[in-house]
Amino acid sequence: MQITEHIASLSEEGRLLAAAAEQAGPGASVPTCPGWQIRHLLRHTGMVHRWAAAFVTEGHTAYHPDGGEPDLDGAELLAWFREGHRHLVRSLEEAPADLGCWTFLPAPSPLAFWSRRQLNETTVHRVDAESALGGQLTPVPAPRAVDGIDELLTGFHARPKSRVRSDKPRTLRVRAVDTAATWTVRISEDPPQTVRTAGGDGTEDVDCELSGTAEGLYLTLWNRLPLTAVTLRGDRAVARLWTDNSAVTW
């Protein structure tokens, strides 16, 4: 995906999130985030949007703390969220291609990193907001889902912070049946190592395989859908290693 595609999709995802939050109401429970209500979701995501925008507009070259979550609620909170989302989108649209600032995952450039990261951040939390309504989720196009799986597997969980570990080496294959993308994740006492390949079902013997649409895998790997949303073959305990330990921390 191109940077302009990431930014355009980020703009739409933020609007969808706000619309779902407005319809659900601030006190609605968020099933995909146990213990959270819509107000918590808006405060968190709005804070992240402003935090990310500050790197883009102020050019911080080292980690810079966020400004904290606001003590707002109701219509005032929703307006605050929308304002911060629009500011983030504008900041990315107006940023120079050679933007220099801090990032925390490998990327072709800081602008590419923040555009992609905030798109996935907002998409996952849009799903959270829509889950509070209990209806159908807005689809995630397959190319975007594949891109999001890449970020999660080869970015977040390649870091030392990943808690997806096993004393006994295990191998998990993730196969998107509606695309040519397959990922092989090697789990050990060290951070997971992931290799993406194109085409085929994969010939290597693995301990467990998760297969399904790219969207289904994306949301399952982010723990927004249950394992029953995809097809599991092999040792279920390997899949549970993922679901029980893959929550992302910065």
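Student: What makes the lining of the largest cavity divide into nonpolar, polar and charged residues?
Tutor: It's a sorting rule: Ala, Val, Leu, Ile, Met, Phe, Trp, Tyr, Cys and Pro count as nonpolar, Asp, Glu, Lys and Arg as charged, and the others, Gly among them, as polar. The lining residues are Phe156, His157, Arg159, Lys161, Ser162, Arg163, Ala247, Val248 and Thr249. Sorted that way, they give 3 nonpolar, 3 polar and 3 charged. Bear in mind that this is a predicted model, where local features need pLDDT of at least 70, side-chain atom pairs count only at pLDDT 80 or more, and totals for chains, interfaces and linings use all residues. Residues are numbered from 1 along each chain as its sequence is written, and side-chain values use heavy atoms, leaving out hydrogens and water.

Student: Why is one space called a cavity and another a pocket?
Tutor: On a 1 Å grid over the protein atoms alone, a cavity is a set of points where a 1.4 Å probe fits but cannot get out, while a pocket is an open set with protein on both sides within 12 Å along at least five of seven lines; lining residues have an atom within 4 Å of a point. Searching the whole structure turns up 1 cavity of 30 Å³ or more. The largest cavity has a volume of about 60 Å³, and the largest pocket about 400 Å³. Those volumes are the space filled by probe spheres set on grid points, which are joined across faces, edges and corners.

Student: Which residues lie nearest the centre of the largest pocket?
Tutor: His125, Trp222, Arg224, Ala247 and Val248, out of 19 lining residues. The lining splits into 9 nonpolar, 7 polar and 3 charged. Its largest share, 5 residues, comes from helix α4 (residues 110-131). Helices (H or I, at least four residues) and strands (E, at least two) are DSSP runs, numbered from the N terminus. By that count the protein has 7 helices and 5 strands.

Student: How do you know how compact the protein is?
Tutor: Compare its radius of gyration, taken over C-alpha atoms, with the globule rule, 2.2 Å times the number of residues to the power 0.38. The radius is 18 Å, close to the 18 Å the rule gives for 250 residues, so the protein is as compact as a globular protein of that length.

Student: What makes β3 and β5 edge strands?
Tutor: Two strands pair if DSSP finds at least two bridges between them. The open sheet runs β3-β2-β1-β4-β5, with mixed pairing. Here β3 (193-198) and β5 (231-234) each pair on one side only, and that makes them the edges. β2 (residues 181-187) pairs with β3 in the antiparallel sense over 6 bridges, and Ala181 stands opposite Ala198 in β3.
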